[in-house]
Number of protein chains: 2
Amino acid sequence: MIKVIFLGFGNVNSSLFNALYKTDKITVKQIYSRNYIKFISPFEHIPFTDDISKIEDADIYIIGIPDDAISSFSESLSFQNRLVVHTSGGAAMNVLSSKNRRGVFYPLQTFSKQRKVDFKNIPICIEAENSKDLELLQNLGKLISGNVVEISSEKRAKLHLAAVFVNNFVNHLYEIGSDILKGENLPFELLQPLIAETASKIESLSPEEAQTGPAKRNDKKTIEKHLHLLANSTHKKLYELFTEQLNQKYGKEL
Amino acid sequence: MIKVIFLGFGNVNSSLFNALYKTDKITVKQIYSRNYIKFISPFEHIPFTDDISKIEDADIYIIGIPDDAISSFSESLSFQNRLVVHTSGGAAMNVLSSKNRRGVFYPLQTFSKQRKVDFKNIPICIEAENSKDLELLQNLGKLISGNVVEISSEKRAKLHLAAVFVNNFVNHLYEIGSDILKGENLPFELLQPLIAETASKIESLSPEEAQTGPAKRNDKKTIEKHLHLLANSTHKKLYELFTEQLNQKYGKEL
């Protein structure tokens, strides 16, 4: 039985809690959060504390708080030499205080309070200072995911950067699509089959093979027309930059 | 029985052909293409011609060729007063020669030779000059899709523009993600669950509700770190522009 304590209870830790709670190989011994949380059935018996000095004994402490706060929070823990991991893609392992054994347990996914995600396929990126802790994190990860990978802080930083492009920036393009349709009183749902196919295409084709469209073809007439239709100057800037980059990339191949 | 002739046989028309061929309410009377096409079983008996003067009689002619070529090609057809439609999102209905009855039959999706798509949920955007032709296009569309919508050329141009953002530009962001991972010898598959969840999120949340990440939070430390990690100057430019726009959009709300 692995005894786990969650420190912080935002989107990532509450999603991890939901996934780990179901397995019978771990005990959620306690949840700590600065803010009081009222747990509802079936979780009303999970011990909760908002007092950092009352955090109990466990095999793994999982910190799920904003990146900027990890360092000072981990320094403020009153115990030593235990395994303390954070769940951040962007923070290095060594932002954690060295008074405890350090590690990372980063589920590469986007979490929202409103959505339950299935952890089975989510890559869990782990890192630890010694092989025994790494093995423990591996075992913990395998309880919820079929894809546990050891990744260094340096590589994880790049992975997180790539994630920002394919998640946050992609979602912003969805917003722009939505804005353009709103202007015409057209429902966003019109674009959803296209969005779904664009995402599933790259499970069987590389993004290069999947690329189509006026910028790739260097279809100047359509590009001109689109720039003319774009009333929003910031959307226009993005259109120009994407078109320029796609032209540069595919121009030679045509 | 609706008699259909396909004029041109690229990604869109061959996908439409595959979908329409299965229904028992239409006959594919002929396929015309400038380039000879060898049809294999079960399509070896579909009449084919590469001679524009030998195009037969039909209820609907579906043009699937590059936007720039639609106008002159439709002018070169030897018959008159028949229903001729194009399948383009970006071209207005009136680029078609007025010697025939004009219409549009635009399936809003991305098509690749390598992938079969299910038309059931694909919006089919139709337009015609008279109500009888519109009804015929409606009936044709309903044979393959549950989502046939009448949309004017003006609105369709905006819809196509939005489609470029959520398809071509999104796919370019996938390429950048893939490039960043290649540089670290990490497999692109690591990002696929994130890509899939990002796309399915907006089926239940609006893009605004779904947005997360350092740019939205205005997490300057992470943004600085990412800009430092980006070796490719064109990727950097995109990162800066997205971050600026997300800051502008969400900055006030924080």
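How many residues does the contact take from chain A and from chain B? In this predicted model, the contact draws 77 residues from chain A and 76 residues from chain B. On the side of chain A that touches chain B, at least two residues each are supplied by helix H2 (67-75), helix H4 (153-183), helix H5 (192-201), helix H6 (207-210), helix H7 (214-217), helix H8 (220-229) and helix H9 (233-250) of chain A. Of these elements, H4(A) provides the largest share, 25 residues. Sorted by class, the residues on this side of chain A comprise 38 nonpolar, 23 polar and 16 charged.

The arrangement of the two chains was examined by superposition. Chain A is brought onto chain B by a rotation of 180° with 0.0 Å of shift along its axis, the RMSD being 0.0 Å, which is the relation of a two-fold axis. Within chain A, the C-alpha nearest the axis belongs to A:Val170, at 2.7 Å from it. The same surface serves both copies, in that 99% of the contact residues of chain A recur in chain B.

The contact between them takes 7 residues from domain 1 of chain A and 6 residues from domain 2 of chain A. On the side of domain 1 of chain A that touches domain 2 of chain A, there are 4 nonpolar and 3 polar residues, with no charged residues.

How values were computed. Residues are numbered from 1 along each chain as its sequence is written. Chains are lettered from A and ligands numbered from 1 in the order in which they are written. This is a predicted model: local features need pLDDT of at least 70, side-chain atom pairs count only at pLDDT 80 or more; totals for chains, interfaces and linings use all residues. Two residues are in contact if their C-beta atoms, placed from the backbone, lie within 7 Å. Ala, Val, Leu, Ile, Met, Phe, Trp, Tyr, Cys and Pro count as nonpolar, Asp, Glu, Lys and Arg as charged, and the others, Gly among them, as polar. Helices (H or I, at least four residues) and strands (E, at least two) are DSSP runs, numbered from the N terminus. Copies are superposed by least squares on the C-alpha atoms of residues with pLDDT of at least 70 in both.
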